[in-house]
Amino acid sequence: MDLQLRDKVIIVTGGTKGIGEAISRKIAGEQGIPVFIGRTPESGKKLEKELRDAGKKCYFIEGDLNVPGICEQVVRKTLDKFGTIYGLVNNAGRNDSIGLENGSPDAFKESLNSNLNHYYDMAHFCLNALKHSGGTIVNISSKTALTGQGGTSGYAAAKGAQLALTREWAVELLPFGIRVNAVIPAEVMTPLYQNWISGFDNPGQKLKAITNKIPLEKRMTSSTEIASSVLFLLSKEASHITGQHLVVDGGYTHLDRSIT
Ligand code: NAP
């Protein structure tokens, strides 16, 4: 299947590691042009070199999306280099465990800033370019928005808001033919996940308990499987899909209650 993403410029926030890296790689694999944003220059430059050495076009922009003004700069740098933006994948985020009891109003606000605000800012500053290109947006949310997790109010609130914004933007952008969808992962082994699981007393046991509850094949979802869903939604193969929340989790969120 030709996803028709050749030479399409697609920004992937947090596109240098984990799920974002898998998305960047898949875009490059389709001869699209991933523009990946991350805070760690080593991982961004390494990925950029690897893809360029393989004959792919790509661009790494170093930046912390929590810092005011960065999102506008990222969009400007992308337009200065390529003159167009076809896609935005809002992906950067971190489960920072700011709970109700083990949190504070300031920490909650900071969590919203680091998990939610840049989703809006990136979409806002990309909008004109997306109108010109007839482009599309995919927001990466989390199953915590649907199930809760406990002890992570800021992250869960941000992830829920991303789903609301997916519908809201899908409606607002109908007149421009800009489709907006969300992908919802649950359990994907990435640097973020590795860090989270290592916080338990017995990470191996905890991981086994989690994967045992994943209905399809009792395994975690791979970053590549998440990326494949994102690529489909970015592509013209999804040309009549907008405002959708696609849960890619081996049935973890919706099937577990029906299985004994
Ligand atoms: P990850 O392994 O930590 O990768 C996240 C990437 O985002 C990193 O490249 C990181 O860059 C970047 N990033 C984070 N905050 C940033 C900021 N403020 N500015 C610039 N870059 C930033 O995370 P992941 O597991 O792939 O998660 C990706 C998305 O999937 C997140 O939205 C997460 O909520 C969602 N998700 C993941 C899972 C899972 O099981 N892994 C489940 C549900 C939802 P640096 O390392 O350079 O800072």
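**A note on the ligand site**

1. Helix H7 gives the most to the shell around the ligand, with 3 residues. Helices here are DSSP runs of H or I with at least four residues, numbered from the N terminus. This is a predicted model, where local features need pLDDT of at least 70, side-chain atom pairs count only at pLDDT 80 or more, and totals for chains, interfaces and linings use all residues. Residues are numbered from 1 along each chain as its sequence is written, and side-chain values use heavy atoms, without hydrogens and water.

2. There are 29 residues around the ligand, and Lys 17, Thr 40, Asn 91, Tyr 155 and Thr 190 come nearest. The shell holds 12 nonpolar, 12 polar and 5 charged residues, with Gly counted as polar.

3. Now the ligand's oxygen atoms. One lies 2.8 Å from a polar backbone atom of Val 188, and an oxygen is 3.2 Å from a side-chain N or O atom of Thr 16. For Pro 191, a polar backbone atom is 3.5 Å from a ligand oxygen. On its own the ligand has 880 Å² of accessible area (Shrake-Rupley, 1.4 Å probe), and the protein covers 94% of that.

4. Both domains take part: domain 1 (9-186 + 222-248) and domain 2 (188-220) each supply at least three residues of the shell. Those bounds come from an automatic or database assignment.

Key. Near = heavy atom within 4 Å. Polar contact = N/O pair within 3.5 Å; in protein donor to acceptor, adjacent residues only side chain to side chain. Helix = DSSP H or I, 4+ residues; strand = E, 2+ residues; numbered from the N terminus.
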